[in-house]
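Let's take a friendly walk through a protein chain together. Have a look at the sequence and the model, and then read on.

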Amino acid sequence: MNKKQNRKHKTKKPPVQESVEVITTHINADFDALASLIAASKLYPGASLVFPGSQEKNLRNFFLHSTSYLFNFSKMKKIEFDRIKRLILVDTRQKNRIGKFAELVDRDDVEIHIYDHHTDSEDDIAGDMEIIRKTGSTTALLTSLIKEKNISISPDEATVMCLGIHEDTGSFTFSSTTVEDYEAAAWLTEQGANHNIIADMLTRELTTEQVWLLNDLTQSATKRVINGVEVVFAKVIRDEYVGDFAVLVHKFMEMENLNLVFALAQMESRIYLVARSRIKDVNVAEIAFALGGGGHPQAASATIKNRTLIQVERSLQALLRSRIDLKKRAMDMMSSPVIHISPGESVKKAADMMTRYNINVLLVLDGADVLKGYITRQVVEKAVFFGLEDIKVKEYMNIEFSAIGPDASLQEVQELVIRNKLRILPVLDNGKVLGVITRTDLLNILVGDPLIPEFLYDSIDTSQFMRKKNMSALLKERLPRKIISVLKDIGHVADMLGYNAFLVGGLVRDVFLKHENLDVDIVIEGDGIEFAHEFAEHYGARVRSHRKFGTAVLIFPDGFKVDVATARVEYYEFPGAPPNVETSSLKLDLYRRDFTINTLAIKLNKRLYGTLIDYFGGQRDIKEKVLRVLHNLSFVEDPTRVLRAIRFEQRFGFKIGKLTLALIKNAVKINCFKELSGRRLFLELKLILREPDPIKAIERMDELDLLQFVFPEVQLTKGVKGLLEEIRKVIVWYNLLYLEEFFEPWKVYWHGLTSFLDKKTLSAMADRMGMVQLENRKMISQMISSNDLLDILYKFDGDNYHLYTLLHPYDTETLLYLMAKTGSEKVRRLISSYFTNLKGTEIQLRGKDLLKMGFSPGPFFKEIFDRLLEARLNDLVKTKEDEVRFVEKAFEH
């Protein structure tokens, strides 16, 4: 085929006396390129063989050790470009892949011959003579020509040519392999091709560096679905160049039986891309070409300079999104017509409709067919179980939902459904519901595959729906060495028993948030109590177990504790009731928890140590700083979660999600707290008051009308709010004194919150809250008498000793409350003086000293000590000698 007339206008060069023919191929030449050069030399016996640039390392080694003495290869620098009259290109026709020889393309006096099997690209050179066929290798194409012309070849030449066919067809396993490749290989075998040499080259052992590189490829591999096609990405970084990267990627693809893989390697100052595809509609050569490389639809590569790995990754993903398109739209995927219910209908009717139509999700549309939300079978069944079947659907429907237009692409649908774990995705056109796309609809489109996990390697015993990453480095960075050692020991014992062990709860959450938390909670898929006893036997801990709940506490010799629980599921017989417990899996155990941010788990078994498991989007919600419950009846099951939501919201600076907030308001509306024990309510309120600054949480409780459940008379009036602010200031002041005495700030806030209650109401509230412990009763008693104490302090005119005896019976917390409450500077000074000067004052004389002074033991000693304390508080004595003299003078005998 002659395309001379289609070539660009060329610059004229002066004629030379001797013409030169050059056979060349593409940069980063592989075995097919080498074999094609040798085959072409049989068709052009007078031509020089020249590589345009670098070759793959395995080819360089083979060339140095096996072929340098057989073939007449010339170095680029020895070629006189002005004398070249014919350029023969093999295994490529892309201008950007032939290096310096690209300068010859626009010369009018250079004839170009092309032998290639690659598909067309925008950068293709138009040759004066072209033979382009869709074979698995260019060598097979050239071998056919040699055979037709009856040109003889040596066994060494046949071996190299056959090796080229093997490499480019994956030893005849690639889908691009044709009959011509088989026939060419058969003929080359007849010419003496040595298959022992070919086998040695194809199955050579990997070096240590290559083994590590292959391992890193597998560990870094992640899956993404792009426009309905599952793509595997892998990347590695090395300071030094490691050869045969393409071979390693091919091994990786074979090991994992992958259909489409893109591997990136940053080595030295370059990024290397190797792509492999078994999917007919995905041409990896187009992708590689866009990044400056090339290849076949099934196998391609590129070498990229002056860009970072992150930049190449982004470019690669953008290219894939634009080049992979299965042409499916939302309107092609949706189910229609839509079965729906109105917001005012009862939960019972929703249950009946779900049973009748055998569906798990109902859209909720109002009278104008406007979408208001949706309700799931799980929520409906729980509501019916709790006797709430007459409640309207609008009270428990999900009001946070995603929707999509009819022309939305498969990629958009997939990203919404998988990223947000949607059960159902409505398709809207100008606000009108046209249909719905369910998770099942999407999975059917994706060839029946389950939701694609973010990481390629899942634990053999955990759900394929989870998202995973390795946290071992982060744990090591943020946890004390002792805890890391304990976690690894836990994994070791779990392996011994054949159990799975997981670190769960607030500690995992706080590792992400960089908050200090040393409360270790472990979940065992197996018998948690058996595990605890086995661990204790090996590591010298004690066990305290609770068979009913399948839990245990490991107590170490230094007092450090680890909570161990059997993976369990809980159900509630009525709202606010204590849970009944049954053994379950990790996923169900995590599903019973309060908020998504507390559902993260880290595997501790040795093989997958540090693997983070996120079934419910906890990482996303931590990143977005949002609190979300796991299901719509969460607050009905356990109303104390409402107070926990407020506590976490204020502690972490999060916001309560829109749906979760609506569910809190509904829980208040239907009074889910009526069956809740006062003791549980008190414990949650106590945790709120223990926060560093609980005032915002109290304000939030008031905003949501929750204080009524503490006690109906408790209100956040302007006066109470002002008092709480004063308490905060007083606590700050007291902390700045750096006194070594322990105190509990929550009690001060408790006094402030209940400060306007009369004695009778305060006592009734204490009974309701189950405040029966001596400590709590003392707190209530002091609160009741605090007003009398204030009156005395207003009128106080005594010395230090009398101030001491007046205040000493009261707890620090009660006195700090009085400092905040009083508007009298005098009272504040008196209490301040007590804390800074009087409290903790002790005399130095002891009973044995009095005996030496000749006093007889008895009640008289107390009188002496009281008089000594008075003298010391009033600065009458300062040293032990002063005390001796004082006693001798005051108690002459």
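You are looking at a predicted model, in which local features need pLDDT of at least 70 and side-chain atom pairs count only at pLDDT 80 or more, while totals for chains, interfaces and linings use all residues. Residues are numbered from 1 along each chain as its sequence is written, and side-chain values use heavy atoms, with hydrogens and water left out.

Start with the overall picture. The chain has 37 helices and 29 strands; helices (H or I, at least four residues) and strands (E, at least two) are DSSP runs, numbered from the N terminus. Of its 893 residues, 53% count as buried. Here buried means under 20% relative accessible area, exposed means over 50%, and partly exposed is in between, using a 1.4 Å probe and protein chains only. Now take the contacts (heavy atoms within 4.5 Å) between residues at least 6 apart in sequence: 67% of them join residues at least 24 apart.

Next come the sheets. Strands of a sheet pair through backbone hydrogen bonds, either parallel or antiparallel. Two strands count as paired if DSSP finds at least two bridges between them. Look for isoleucine 271, which stands opposite isoleucine 304 in strand 12.

Another antiparallel pair is formed by strand 16 (residues 424-429) and strand 17 (residues 432-438), with 6 bridges. Isoleucine 424 has threonine 438 of strand 17 as its bridge partner. These two strands form a hairpin with 2 residues between them, and there asparagine 430 takes a positive phi near 55°.

Positive phi values turn up elsewhere too. Lysine 514 has a phi near 60° and lies in the loop between helix 18 (506-513) and strand 20 (520-525). Lysine 514 counts as exposed because its relative accessibility is 63%. For tyrosine 738, phi is near 55°, and its place is the loop between helix 28 (718-736) and helix 29 (745-753). Tyrosine 738 is also exposed, at 66% relative accessibility. Within helix 26 (residues 695-703), the residues Ile695, Ala697, Ile698, Arg700 and Met701 are buried.

A salt bridge is a side-chain nitrogen of Lys or Arg within 4 Å of a carboxyl oxygen of Asp or Glu, and the nearest side chain of opposite charge, arginine 97, is 6.7 Å away. (Lys and Arg count as positive and Asp and Glu as negative; His and the chain ends are not counted.) The side chain of aspartate 91 does make polar contacts with the side chains of histidine 117, at 3.4 Å, and threonine 138, at 2.8 Å. A polar contact is a pair of N or O atoms within 3.5 Å; within protein, one must be able to donate a hydrogen and the other to accept it, and residues adjacent in sequence count only if both atoms are side-chain atoms.

Finally, consider the cysteines. With a disulfide defined as a pair of cysteine sulfur atoms within 2.5 Å, the count is 0. Cysteine 162 is buried, at 0% relative accessibility, and cysteine 672 is buried at 4%.
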